[in-house]
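Please look through the sequence and the model shown here, and then read the short report that follows.

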Amino acid sequence: MKKPYYYQLNLIRIVAAAIIAFFFHYMIIFGYAPGLTIEKNLDALCFLIYMAVEAFFTISGFVMYYNYTTKIEEEKLGFRGFLWGRVKRIYPTMILSVCVMAAAQWFGKAMFGQYCILNSDDGRNTIKAFLLSVAGVNSGWICNHDQYSINGVTWFISILMICYVLFYGILRLAKQRWKQNVCFVIVQLIGILVLWHPLNLPLLYESCGRGYLDFFCGVLLAQIVEQLQEKKARIIGILGIVLFAIYVIVFCIGKVTLWDTAGSVVLNSGILMILLGYPLFEKIAKNRFISYAGNISFDIYLWNLPTFAIAVLIVRGLNLPYIINTFVGWILVVLFNIVIAIVGKEIVEIVQKTVHERMTDNK
């Protein structure tokens, strides 16, 4: 049976990418975002970006279950093919964004005496960070989060690849679904453990915990949705509303903080199930613009910091008025980010297509 395509996921993707790139990162780096101030809105923005990153992990686990479970279980897809498929899809854009970020930062340092953005020598702008970032092992192996990520947001990919490998291994080793789910839950429990008490060991950093908890939450949610979809889809939406309400009530009475681990899982799960449970959201998400925005959302996420660095480099190099921390500047940089994301995506696709055609011809 053909798996359904959940257009609603594009809604979450583009909202999450916009929160991370156009509001939180812009505010932190340039001290400005429309209608917001660091003094009054930083806590809310920190909460939103935390939820946005968790949402990316959850969606990744959800999609991974739907697209690859049957192929892996039936041994139609080997580990090499599975891993190469992930690398081929993610790494080219990631590596290109890392190279552009490094070039902008180092050129800015050489020309103007300081890096374009994130102007510190804390490890992010080093050769070591560059090499680790290109290899995709810049988080969760020898450090936490973006300590050695020259393009800070790529720490997410490093953790995501670990989750992919764990997912594949569990499906191949545990043949029965209940055994697989027990393993998924165990990995989640390990995630909670290292979130609460980071061990700062390979695969046991706090950043790993975030991935383990939320990625495999997405895997389990996909199974729930799959089962309910066959009976009555509206039940999914009702369960989502219940989860959302539970989070709001518990938060309002002070039993859950903004950074509560269980709270992020409950809230993201509730929102996802609400979107999947009601046809209205599917109709909205099928809009051509939203579908396209969802398709480039990850590119927007990857390119936002390099775009900011290039924008600062242009302003300094051409000695232009510094309007980046104004509404007009924000609009221009946001549009620049979107254009770079689209162009970068097209370049990668053209290169991949060309390489594929040449390899096919050689055969």
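## Two helices side by side

Helix α3 (residues 79-112) packs against helix α11 (residues 288-317) at an angle of about 20°, and their axes lie 9 Å apart. Because angles under 35 degrees count as roughly parallel, α3 and α11 are therefore roughly parallel to each other. Helices here are DSSP runs (H or I, at least four residues), numbered from the N terminus, and axes are lines fitted to C-alpha atoms over the stretch in contact, with angles running from 0 to 180 degrees between N-to-C directions.

Contact means heavy atoms within 4.5 Å, and the residues of α3 that meet α11 include I90, M94 and F107, while those on the α11 side include F298, W303 and R316.

## About the model

This is a predicted model, in which local features need pLDDT of at least 70 and side-chain atom pairs count only at pLDDT 80 or more, whereas totals for chains, interfaces and linings use all residues. Residues are numbered from 1 along each chain as its sequence is written, and side-chain values use heavy atoms, with hydrogens and water left out.

Beyond its neighbours within four places in sequence, F82 is in contact with M64, Y68, I72, L77, Y164, F167 and Y168.

## A buried asparagine

N10 lies in helix α1 (residues 8-30) and, at 1% relative accessibility, counts as buried, a term that means under 20% relative accessible area (1.4 Å probe, protein chains only). Setting aside neighbours within four places in sequence, N10 is in contact with Y5, I290, S291, G294 and N295.

Key: Parallel < 35°, antiparallel > 145°, perpendicular 65-115°, else oblique. Buried < 20%, exposed > 50% of the residue type's maximum accessible area, 1.4 Å probe, protein only.
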